[in-house]
Amino acid sequence: MRKNRPTVSSAAALLVSAVFAAAPAAAQEESPAAGRPSTAWSWGPRGGLFEMVNSPDAYEAVFGDPMPRVGVQLEADWRARWRFAASVDYGVVEGERVLLTDPPIGTGVDEELTMVPLHLTLAYRFRPTARWDLYAGLGPSLLDWTDETDFDEEGGTDPGGSVVLGLRRQPPDARWRFGGELRWSTFPGAFPEGGAAGFFDEDDPGGVSLTFLALRRF
């Protein structure tokens, strides 16, 4: 087992702490929204780390390290309080095919997992006109994944869902918004019964992701 590796859990704890720290300040920094259009559009890049907490034993046995991800997001803030967002990410992590023993034994055969999740999110903004924009939401998701070695390949496209908690810095009259999101996703039954997932009786490639965003209004 690999030790001393960065975890999404520790980074997520920092984001949650920042959310609660910023909430009182948000209440004091609200400014009038007069004259703003009822819908504001934004888009931009996103990137972060993903940890498969829904199938932790299977993932740890083969890959170990969190999966880095990059992507893009498009969103619309409607009537100040509501946010509709669509995001797609791309992530790849490399590991080693294992013998299914207890504990698993590495075989020296390289294995690569690619995941492309699409999330649609409806979020409620608690302080839409404050310097710190705190929001929470949920929605349906779709995951395209491929697990391959030099000898075989398997994958699928599976439906699921997610919930998200986010915090965003929005300076007055600035086009760019910067922030972070903590998202939990689930795709039950997506993994097949064989392989490491079947050995550990885990079938859900969902988990926790910590993502940083830079979005520009247009």
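**Figure 1. Strands S5 and S6 pair up through 17 bridges.** In this predicted model, strand S6 covers residues 153–169 and runs antiparallel to S5. To get from S5 to S6, the chain turns through a hairpin of four residues.

Figure 2. A handy landmark is Leu118, whose bridge partner in S5 is Leu142. Both of these leucines turn up again in the next view, as members of a nonpolar surface patch.

**Figure 3. Nine side chains, one greasy-looking topic: the nonpolar patch on the surface.** Which residues form the nonpolar patch? They are Trp41, Trp43, Val72, Leu74, Val88, Leu118, Leu120, Leu142 and Phe218, and together they have about 810 Å² of accessible area. Strands S1 (39–51), S2 (67–78) and S4 (105–125) each supply at least two residues of the patch. As you follow the strands, keep this rule in mind: in a regular strand, side chains alternate between the two faces of the sheet.

**Figure 4. Here's Trp41, a patch member that sits in strand S1.** Why does Trp41 count as partly exposed? Its relative accessible area is 40%, and the partly exposed class lies between the under 20% of buried residues and the over 50% of exposed ones. So Trp41 belongs in that middle class.

**Figure 5. Asn54 reaches across to Asp204.** Look for Asn54 in the loop between S1 and helix H2 (56–62). The Asn54 side chain makes a polar contact with the side chain of Asp204, at 3.0 Å. Leaving aside residues up to four places away in sequence, Asn54 touches Trp184, Ser185, Thr186, Asp204, Gly206 and Gly207.

**Figure 6. Stepping back, the chain has three helices and eight strands.** In sequence order, the pattern reads α-β-α-β-β-β-β-β-β-α-β. Of the 218 residues, 43% are buried. Among contacts with a separation of 6 or more, 67% link residues 24 or more positions apart.

How values were computed:
Residues numbered from 1 in each chain as written. Predicted model: local features only at pLDDT ≥ 70, side-chain atom pairs only at ≥ 80, totals over all residues. Heavy atoms only, no water. Buried < 20%, exposed > 50% of the residue type's maximum accessible area, 1.4 Å probe, protein only. Contact = heavy atoms within 4.5 Å. Patch = residues over 30% accessible without salt bridge, like charges linked within 9 Å, V, L, I, M, F, W, Y side chains within 5 Å. Areas by Shrake-Rupley, 256 points an atom, 1.4 Å probe, with all protein chains shown as cover. Salt bridge = Lys/Arg side-chain N within 4 Å of Asp/Glu carboxyl O. Pairing = 2+ DSSP bridges. Polar contact = N/O pair within 3.5 Å; in protein donor to acceptor, adjacent residues only side chain to side chain.
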